[in-house]
Amino acid sequence: MAWRREGPLMRVGNGPPSRGSRIALAVAIGIILGCVIAFLFPDRLFRFSFPSPPLSQNTAKLSQVNSAPCESLERTNVLKSELALLSEKKAELKKQVRELTMKLQLAEQGKDQAEKQFLALGVKHKAGPFGTVKSLRTNPAVTPDESVNPRLAKMLEKVAVRKEIMVALANLYVEEMMEIWSENIKRVGITNYLVVALDDEMESFCKSKEIPVYRRNPDEGIDSIGRRGRNHAVSGLKFHVLREFLQLGYSVLLSDVDIIYLQNPFDHLYRDSDVESMSDGHDNMTAYGYDDVFDEPQMGWARYAHTMRIWVYNSGFFYIRPTIPSIELLDRVASRLSRENAWDQRVFNEELFIPSHPGYYGLHASRRTMDMYLFMNSNVLFKTVRKDANLRKLKPVVVHVNYHPDKLRRMKAVMEFYVNGDQNALDPMPDGSE
């Protein structure tokens with residue numbers, strides 16, 4: 001049995017394996033391992049099996065990554081712009097709502113209108129004890145808007161004092177009176193004044209006399225009247241011109257040039273009303289108002305009708321504060337004068353005093369009448385004061401020669417009487433015009 005030869009199959013298990021067997025075994029093991037890995041890690045098997053993208057694709061991806069911050073910044077700017085537009089639209093809508101609300105309030109009528117307006121405009125307040133209740137008289141000032149006239153705004157910053165300015169309109173026809181007017185202004189120490197020149201001649205005259213002067217930007221509609229107009233025509237321009245002063249936030253003391261200044265008027269103002277004006281009245285009743293009884297005999301028992309009367313405010317000397325009612329007053333008067341051939345002083349008073357009634361909404365402006373002996377018209381001076389020993393001793397703040405056409409002669413007489421002490425200077429002239 002020891003010498004018996006064994007076949008090849010019988011030697012596989014006992015002798016060294018052949019080369020083919022080793023290869024087959026390695027292939028089998030590799031296949032088994034591949035299947036196991038593929039089963040356990042299906043994603044990772046092919047992760048590194050694909051070739052890298054070409055260089056052009058890598059560059060495109062890199063540019064997309066770099067452009068992302070730029071696109072984000074642009075998107076942010078676009079969003080900011082849209083937000084700003086939305087804010088503007090929101091503000092405009094709020095403004096429209098306010099305007100519509102006010103129009104709705106104005107459209108409402110009834111006995112409780114005043115209460116409704118109060119509830120809309122302010123908070124409720126309890127009334128105090130009897131005799132202590134006081135209503136508001138002073139409207140709030142507007143917010144200054146320098147964009148209306150930047151050049152005038154810069155000038156007023158230099159000239160005005162405590163946001164107050166005296167203003168006079170003048171053209172070449174009043175050159176002599178302007179010289180007397182400006183001399184008196186300087187003599188009593190008024191520094192916050194400005195002349196609005198309506199033509200080149202007046203502008204040159206003011207500069208030669210070192211008078212603060214302002215020439216408006218060209219406006220043919222106003223300039224044509226300013227160059228050729230006299231008295232009433234020029235007087236009506238003030239309502240156009242003063243609007244810009246009020247919009248800039250300045251209170252204005254409007255002055256004609258036929259006025260003699262004996263004291264600084266800014267020291268004698270109350271400043272508690274929208275309009276504070278000189279009166280054309282000649283005594284306490286006519287200047288401050290009175291009960292005038294109208295007799296109508298055919299009415300029998302009711303023949304006596306009581307009426308309230310007051311003489312008009314003088315539109316050539318008044319103090320006006322920068323409030324909404326004040327600006328509305330200027331707009332109303334200017335608008336009417338552009339349509340009507342009317343005296344500006346009449347229109348000025350109608351808009352101030354005529355109350356609301358069916359078909360018309362009156363102006364809700366507060367007003368004060370100036371002391372007629374401090375702010376004196378020439379009617380009071382020549383008819384009353386110069387003939388009364390006690391009143392002659394009073395020193396007015398201003399004397400306005402508004403009742404007499406011989407203005408220059410009477411202005412000089414007023415200066416002689418009050419400034420130079422000539423007690424007979426006023427005597428030669430009649431009470432009224434000759």
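Predicted model: local features only at pLDDT ≥ 70, side-chain atom pairs only at ≥ 80, totals over all residues.
Local features need pLDDT of at least 70 and side-chain atom pairs count only at pLDDT 80 or more, while totals for chains, interfaces and linings use all residues. Residues are numbered from 1 along each chain as its sequence is written, and side-chain values use heavy atoms, with hydrogens and water left out.

Q: How far apart are the end C-alpha atoms of helix H6?
A: Helices (H or I, at least four residues) and strands (E, at least two) are DSSP runs, numbered from the N terminus. The expected span of a helix is 1.5 Å times one less than its number of residues. For the 13 residues of H6 (residues 175-187) this gives 18 Å, and the end C-alpha atoms agree, being apart by 18 Å.

Q: Which term describes the direction of H6 and H15 relative to each other?
A: Axes are lines fitted to C-alpha atoms, for helices over the stretch in contact (heavy atoms within 4.5 Å), and angles run from 0 to 180 degrees between N-to-C directions. The axes of H6 and H15 cross at roughly 20° and come within 10 Å. Angles under 35 degrees count as roughly parallel, over 145 as roughly antiparallel, 65 to 115 as roughly perpendicular and the rest as oblique. The two helices, H6 and H15, are therefore roughly parallel.

Q: Is Glu210 buried or exposed?
A: Glu210 lies in the loop between H7 and strand E3 (213-215). Buried means under 20% relative accessible area, exposed over 50%, and partly exposed in between (1.4 Å probe, protein chains only). With a relative accessible area of 69%, Glu210 is exposed.
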